[in-house]
Structures are given as structure tokens and as C-alpha cells.
Amino acid sequence: MRVSVYILTALVVFLPGLAGADVGIPAVSIVDDASGNQTWSVSIQILMLMTALTFLPSVVLAATSFTRIVIVLAILRQAIGMPQTPPNQVLIGLALFLSFFVMSPVLNEVYDNSVEPYLQGTMEFAPAANAAQAPMREFMLSQTREPDLELFAGLAGDDSYESTGDVPLTVLLPSFLTSELKTAFQIGFLIFIPFLIIDLVVSSVLMSMGMMMLSPMLISLPFKIMLFVLVDGWALLIGTLAASFGT
């Protein structure tokens, strides 16, 4: 049940720009509440949420732990020597639900501070969207390397920011995604090393025996699978991935 709440949370996190936009469409109506504040009509808010559904896959890829996890799992599959096993659907499913586990503290904070007050009617849409950004920004900033942030800040023409709250999403999102790619490839490099050693040993043994026509990959594959099973590789890898986010 909380999964649907998390989806709604992801939808409202990146909508404050829409909430503050000046839309000159006659169908848009501004409603004055009892306190004198103005907000968009419920129908327009629903339309915005439905439109944001098309951006949900991009939000999952660019603003959560999903990218690092799925890349590391794909590299593991290549290192073992089985490029189609486990299949893509299994890897994506594992990466998705592991991302829910890693992001659950952040999403729970967004739900408590933004989604729940909005659903109860104690907070308007625009303040709720702004409140939802803070935990997500904090998570992304904690995983973003400073050189990457400086790179995109320079490309945007901004020399520096007085505080982390001044970093715009247009700079933070690509910086975070670049840092995630770097981290994923670093973890993937460490994963490759033991399997590469097995390949080298098997290849050297086959060459010394004169069995040059026999593929070393065919012989080394059972040993790599056996090594991965004996060290409880899945639990070790998933635990390391979760710990790499500081959870």
C-alpha cells in the first residue's frame, strides 16, 4: 500500500516549478480560500499530476538510487559471463524494490511532511510540492561529488552557491546522475577483479595443457558461479549496495 504512496510522493516532488508557472489558459481557475490565499482548482491539480505520470520513469532514473543499483547488477552479470542471466526483467525488478528499500527513509519523510498534509487538506499544493523537495535534495546532495557539482555549475554560468539550498534542480540532477555513474563503475570494477582472476588462471592452465581450441570461458563459468554461490554473493552485493548509500 505504501508503494502507491511513494508513487504519489515522486509525482509531487518535482512540481513546484509547475505550481508557480503563469499559465494563460482560460480553463485554469484560481480559487481563493478562507484565509485569502490563492490556489489552483482541484481539476487543474489533477491534470498536472496526470501529466507528471509521463515523467515518473525519468524521475526514478535521475533522482533515486535506481541507476547505481541496476548498473552494478548488469556489470555483475557480465563479469560472471552470463549476459542474459538473470534476465533483464529480474534485474530491473530487483533494482526497483531495492531502490524502494534504500529510499524509504527519504520517501517516508516526504510523505509525512508533504503528501499527508496535502491529502488531509491542511497544506496547499504549491507549499506541499516545495516541502517535498527538501528531503530529495538532501539525499541527492549527499551522494553528489563536489567536482561534478562544480562542473555543471560552471556550465550553467554559476560560479558558486551560498548554500546547498541555492543549487537549482537543473544543476543538481545531472550532477547527481554523473556521480552515480562514477560510483557504479567503481563498484563494478571491484566486482570484476575476482572473476577476471579465475578467467586468467583457467586460461593459463588450458594453454599449458595445449588445449588452445577449448574456450576458457566455457571452463571458467562453473567455477565463477561456484565462487559466487559459496561467498553468498547476492547477499554480499545487495548489502554492499545498500550500505553504499549510507542507509
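Me: Which residues form the nonpolar patch on the surface?

Reply: Phe189, Leu190, Ile193, Ile197, Val201, Val205, Met209 and Met211, with about 760 Å² of accessible area together. Patches take residues with over 30% relative accessible area and no salt bridge, joining like charges within 9 Å and nonpolar side chains (Val, Leu, Ile, Met, Phe, Trp, Tyr) within 5 Å. The areas are Shrake-Rupley values with a 1.4 Å probe, and for residues only the protein chains shown count as cover. Keep in mind that this is a predicted model: local features need pLDDT of at least 70, side-chain atom pairs count only at pLDDT 80 or more, and totals for chains, interfaces and linings use all residues. Residues are numbered from 1 along each chain as its sequence is written, and side-chain values use heavy atoms, with hydrogens and water left out.

Me: Where does Val205 lie?

Reply: In helix H9, residues 169-208. Helices (H or I, at least four residues) and strands (E, at least two) are DSSP runs numbered from the N terminus. Val205 counts as partly exposed because its relative accessibility is 41%; buried means under 20% relative accessible area, exposed over 50%, and partly exposed in between, with a 1.4 Å probe and protein chains only.

Me: What should the 40 residues of H9 span?

Reply: 58 Å at 1.5 Å a residue, and the end C-alpha atoms are 58 Å apart, which agrees. The expected span is 1.5 Å times one less than the number of residues.

Me: And where does H9 bend?

Reply: At Ile193, by about 30 degrees, with Pro194 following within four residues. That bend is the angle between axes fitted to the seven residues ending there and the seven starting there. Just after H9, Gly210 has a positive phi of about 75 degrees.

Me: OK, salt bridges. How many does the structure hold?

Reply: Three, where a salt bridge is a side-chain nitrogen of Lys or Arg within 4 Å of a carboxyl oxygen of Asp or Glu. One of them pairs Arg68 with Glu180 at 2.6 Å, N to O. Arg68 sits in helix H5 and Glu180 in helix H9, 112 residues apart, so the pair links distant parts of the chain. Both Arg68 and Glu180 are buried.

Me: Which residue does Asp148 meet in a salt bridge?

Reply: Lys182, at 2.7 Å, N to O. Asp148 is in helix H8 (residues 146-155) and Lys182 in helix H9, so the pair ties together parts 34 residues apart in sequence. Asp148 is buried at 2% relative accessible area, while Lys182 is partly exposed at 38%.

Me: What's around Ser179, and is it buried or exposed?

Reply: Ser179 counts as buried, at 0% relative accessibility. Leaving aside neighbours within four places in sequence, Ser179 is in contact (heavy atoms within 4.5 Å) with Gln143, Thr144, Arg145 and Asp148.

Me: Switching to the backbone: which residues does the cis peptide bond join?

Reply: Thr85 and Pro86, with omega at about -5 degrees. Pro86 is in the loop between helix H5 (66-80) and helix H6 (88-120). Asp232 has a positive phi too, near 55 degrees, in a residue other than glycine. Asp232 is found in the loop between helix H10 (216-230) and helix H11 (233-244).

Me: Last one: how many helices and strands does the protein chain have?

Reply: 11 helices and two strands. Of its 247 residues, 38% count as buried.
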